[in-house]
Amino acid sequence: MLENIKKVIDDNKIDGNTFCDLFAGSSCVGDFFKGKYTIISNEYLYCLSVISRAKLNNSETPKFANFRKSYGTDPFSFFNSKKYVADNQYFITHNYSPKGNRMFFTEDNATKIDGIRIDLEQMYRDLIFDLKEYNFLLASLLESVMGVSNTTGTYEAYLKHWDNRALKTFTIAPLVLNKPNAINENVIHNEDSNALLRKIQGDILYIDPPYTVTEYNSAYHLLESIAKYDYPIVNGITGRRKDENNKSKYTRKEQALKNFEDLFRQAQFKHILVSYSNQGLVSVKELENLAKRFAINNEVKIFEFPFREYKNIRTSQKGDDLKEIILYFKKDNEVIKSPLNYTGSKYSIIDEIVKILPKHISTFVDVMGGAFNVGVNIVAERVIYNEYLPHTFELIKFLLKDSKKELIDKISKIVANYSLKKTEKEPYLKLREDYNKEKDIYKLFVLHMYCFQNQMRFNSSLEFNSPVGNCSYNETINERINLFIPKTKDYELINKSYELLDINKFDKDTVFYFDPPYFITSATYNDGKRGFVGWDANEETKLMDFIVNLHKKGYKFILSNVMTHGDLVNNILQEVVRTHSFFVRPIYDVGSKNSRDEIVVSNFDWRKS
């Protein structure tokens, strides 16, 4: 597939400096592209990450200068000529040769493998090898082991009779490398792919996950034990590691699709390519439909590779001959900013909220939606915007529902008709007076643009009474209006108190997001001076009761708040978090003005979702 991957990249003019191989295996892809890109390689199995380190951190076989100085030869000649005698340390011999009643290796070959592995570890500790040399030799050992294994290719079973290759005398040979002109500062990871994507970013993301029910932990357990050489507890006919219970989330049909959803959602990369099979656990059509939700303009391309030739297609026919496919799309990573400048906006921490989202979301409910900065950026099957304050709700409604061109024209005319300019009081007061008579929603939006710190305040008669400020309507607002389109096409707008939401109509894959006024802060939006109820300890307690009720019914929630502010502590929230062992993620220095340390509280761990 290497040339095919390159052809897709070239034909689609995919550019960039970083290339992430998320399911790297033995890093054939990374080795092929190193030198052209800085490679970010990841593989969950330790043995394969060792091979990745050897391939991506070397353009040629290391010189082993210190070893040659000490032993007068190269390590391969040294290890291949040395005679080893098994003792109690020889783990492979005692577990995977006839001496351990298993036939993965002949006893002589197992003894050789053990001896080299033990010597290699000791020499590294004695500083005879540096880390690059150590990884290269360990990777060479692992690759060489495969050449004398009495298996059909993996280690889920051994043959009952000795295969001819298993009877060959074991020798360790240097790892074969691709040799580009340059080696960039490549980075190798050894962790869960979905977790890693929450920490990295780059240009090209290549995803090559398992396609079938084959568990790589099981298939390569023996190589894992040689690489780690940690003397694990083993059991069963094949001597599998007892710690092998962490099954891949891509080898079970019921989990694979939602893990793909999580990968696509978390990927902070410009270009995404997925290698898959037209007979994989997830159908190509399902994968395509999912990718469209995260793609710029919902555009996804699929390329088939029968007999190493490819063509652009739109669907995959079940029942066709087995074919490899590459699915490609440009990821929509743009963060949409609401045209409504709203106190307490979460625009600046959207990425932190997204990181804790569960792997699959059916409906996302932005319960206290405000300027809709959160919900508008969430990709789900469905999004609901709910806002209790009627003037805020109506502003978001016309920003979403009206024609963008007509909306901008109306706003521009109001600005021109009143000759509005920042800090100029008289034109502003005239507009404010007219709005309070007419209650025209467009005039309210313009007032909000020119008022003091964009804070919409009302008196007890629900008349707008914010003074003029140092703000204005500008081209940036026009751009925000044009881009203010929810990423989830199926959305609903609701204007009611959160207490009136019928939570029983939602399924358990719904996420409820709460962004209430912070009752221990002194912001004007919770002081009760806008003609609406202020946010106090009683309101905070009612909200906590509602959230706890959601939790007890098995629903997922996320809450933005502050636990401390100066010398103040939100004891109500603190007690709820402690009592129910909710998860707390700190977010520091939020807000350009009067920065604060916020927290995001949730009742679920995305890893187990």
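Trainee: How do helix H17 and helix H18 pack, at what angle and how far apart are their axes?
Mentor: In this predicted model, H17 (residues 425–438) and H18 (residues 441–450) pack at an angle of about 145°, and their axes are 10 Å apart. The crossing of H17 past H18 is left-handed.

Trainee: Which residues make the contact?
Mentor: From H17 you have Tyr 428, Leu 431, Arg 432, Asp 434, Tyr 435 and Glu 438. H18 brings in Lys 443, Leu 444, Val 446, Leu 447 and Tyr 450.

Trainee: And what's the contact like by class?
Mentor: There are 7 nonpolar and 4 charged residues, with no polar ones.

Trainee: Switching topic: why is helix H11 largely enclosed by the rest of the structure?
Mentor: Because 7 of its 8 residues, in the run 221–228, are buried. Those are His 221, Leu 222, Leu 223, Glu 224, Ser 225, Ile 226 and Ala 227.

Trainee: Now Asn 150, where is that?
Mentor: Asn 150 sits in the loop between H8 and strand E3 (187–189).

Trainee: Buried or exposed?
Mentor: Buried, with a relative accessible area of 0%.

Trainee: What does its side chain reach?
Mentor: The Asn 150 side chain reaches the backbone oxygen of Met 103, at 3.1 Å. Beyond its neighbours within four places in sequence, Asn 150 has contacts including Phe 104, Tyr 158, His 161 and Trp 162.

Key
Residues are numbered from 1 along each chain as its sequence is written. This is a predicted model: local features need pLDDT of at least 70, side-chain atom pairs count only at pLDDT 80 or more; totals for chains, interfaces and linings use all residues. Side-chain values use heavy atoms; hydrogens and water are left out. Buried means under 20% relative accessible area, exposed over 50%, partly exposed in between (1.4 Å probe, protein chains only). Helices (H or I, at least four residues) and strands (E, at least two) are DSSP runs, numbered from the N terminus. Axes are lines fitted to C-alpha atoms, for helices over the stretch in contact, and angles run from 0 to 180 degrees between N-to-C directions. A crossing is left-handed if the near helix is turned anticlockwise from the far one by less than a right angle, and right-handed if clockwise. Contact means heavy atoms within 4.5 Å. Ala, Val, Leu, Ile, Met, Phe, Trp, Tyr, Cys and Pro count as nonpolar, Asp, Glu, Lys and Arg as charged, and the others, Gly among them, as polar. A polar contact is a pair of N or O atoms within 3.5 Å; within protein, one must be able to donate a hydrogen and the other to accept it, and residues adjacent in sequence count only if both atoms are side-chain atoms.
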